[in-house]
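I opened the sequence and the model side by side to take notes. These entries record what I looked up, in the order I looked.

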Amino acid sequence: MIEDELKLAAYLHKGLTEEGFVVDVAHNGVDGLHLAMECDYDLLVLDAMLPGIDGLGVLAALRQSKQTPVLMLTARVRVEDRVKGLQSGADDYLVKPFAFSELVARIQVLLRRGHPRSAAGEAVLGLADLEVDLLRRKATRAGRRLDLTAKEFNLLVLLLRRQGEVLSRTEIAEQVWDMNFDSATNVIDVAIRRLRAKLDAPFERTLLHTVRGMGYALEARDP
Ligand code: CA
């Protein structure tokens with residue numbers, strides 16, 4: 001999210017985090033563009049009026065190399081401004097002031113349309129008898145609903161998207177907690193333990209594996 005109004009940025013950050021999103025915030029166009037270029041985000045929420053480079057400038061620079069979906073926020077309501085934003089490659093537009101629930105709905109629509117990196121129509125991920133519905137944020141194993149917290153769900157999705165790969169704690173910390181490894185290590189181990197209790201303990205086949213000294217992997221190994 002690139003938003004220079006500090007109070008609004010803090011409010012949106014808190015709300016989106018509670019919705020289960022992992023959000024990085026930049027307060028100006030230069031920092032925001034740098035982050036957007038460096039990292040592979042699923043979506044960018046971009047304010048139009050920013051100090052330094054404005055929203056359209058950020059968008060134009062971003063679009064030279066990245067197709068990250070962009071939801072523009074603007075105080076401007078003139079039709080020509082909206083058209084300009086959409087022509088410069090914004091995927092959607094939301095006029096301030098807006099209801100938080102509308103922002104979440106628009107974000108979900110854009111994410112549903114799919115990210116260039118993910119397979120088309122990737123709304124349900126699966127591994128063996130595990131099924132994860134990304135839109136309904138629902139996970140089941142052998143048809144039984146897993147009662148996961150938002151973080152546990154995000155952790156499971158990360159592992160599932162990269163199934164078969166060993167993910168280090170450092171990477172998990174960055175992707176799911178938005179923290180660096182040093183402050184998050186215990187948090188991750190606890191979350192993995194809780195996820196494992198819900199995901200694997202009630203079932204015969206183990207999906208979540210610890211790779212000693214390296215990290216964790218989600219994999220359906222032969223029993
Ligand atoms: Ca602004």
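I began with A142, which is found in the loop between strand 6 (138–141) and strand 7 (144–146). Helices and strands here are DSSP runs (H or I of at least four residues for helices, E of at least two for strands), numbered from the N terminus. The phi of A142 is near 50°, a positive value in a residue other than glycine.

I then turned to A128, in the loop between strand 4 (124–127) and strand 5 (130–133). Phi of A128 is near 50° and positive, and the residue is not a glycine.

I also looked up P97, which sits in the loop between strand 3 (92–95) and helix 5. The peptide bond joining K96 and P97 is cis, with omega about -5°.

**Ground rules**

I noted that this is a predicted model, in which local features need pLDDT of at least 70, side-chain atom pairs count only at pLDDT 80 or more, and totals for chains, interfaces and linings use all residues. Residues are numbered from 1 along each chain as its sequence is written, and side-chain values use heavy atoms, with hydrogens and water left out.

**Whole protein**

I recorded 8 helices and 9 strands. Of the 223 residues in the protein, 41% are buried; buried means under 20% relative accessible area, exposed over 50%, and partly exposed in between, with a 1.4 Å probe and protein chains only. Among contacts with a separation of 6 or more, 53% are between residues 24 or more positions apart. Contact means heavy atoms within 4.5 Å.

**Calcium site**

Which protein atoms are the donors of the calcium ion? I found D4 (OD), D47 (OD) and M49 (O), lying 2.1 to 2.3 Å from the ion. Donors are N, O and S atoms within 2.8 Å of the metal (3.2 Å for Na, K and Ca), and water is not among the atoms, so sites may look incomplete. Along the chain the donors follow the spacing D-x42-D-x1-M. I checked D47 for burial: its relative accessibility is 3%, so D47 counts as buried.

**Helix 2 and helix 3**

I looked at how helix 2 (residues 29–38) packs on helix 3 (residues 55–63): the angle is about 25° and the axes are 10 Å apart. That angle makes helix 2 roughly parallel to helix 3. Axes are lines fitted to C-alpha atoms, for helices over the stretch in contact, and angles run from 0 to 180 degrees between N-to-C directions. Angles under 35 degrees count as roughly parallel, over 145 as roughly antiparallel, 65 to 115 as roughly perpendicular, and the rest as oblique.

Which residues make the contact? From helix 2 I listed G29, L33, A36 and M37, and from helix 3 V58, A61 and L62. By class there are 6 nonpolar, 1 polar and no charged residues. Ala, Val, Leu, Ile, Met, Phe, Trp, Tyr, Cys and Pro count as nonpolar, Asp, Glu, Lys and Arg as charged, and the others, Gly among them, as polar.

**Helix 1 and helix 5**

Helix 1 (residues 6–18) and helix 5 (residues 100–113) have axes that come within 11 Å and cross at roughly 60°. That makes helix 1 oblique to helix 5. I noted Y11, L12, G15 and L16 of helix 1 in contact with F100, L103, V104 and I107 of helix 5. This contact has 7 nonpolar, 1 polar and no charged residues.

**Strand 8**

My last entry is V211, in strand 8 (residues 208–211). Leaving aside neighbours within four places in sequence, V211 is in contact with V166 and A217.
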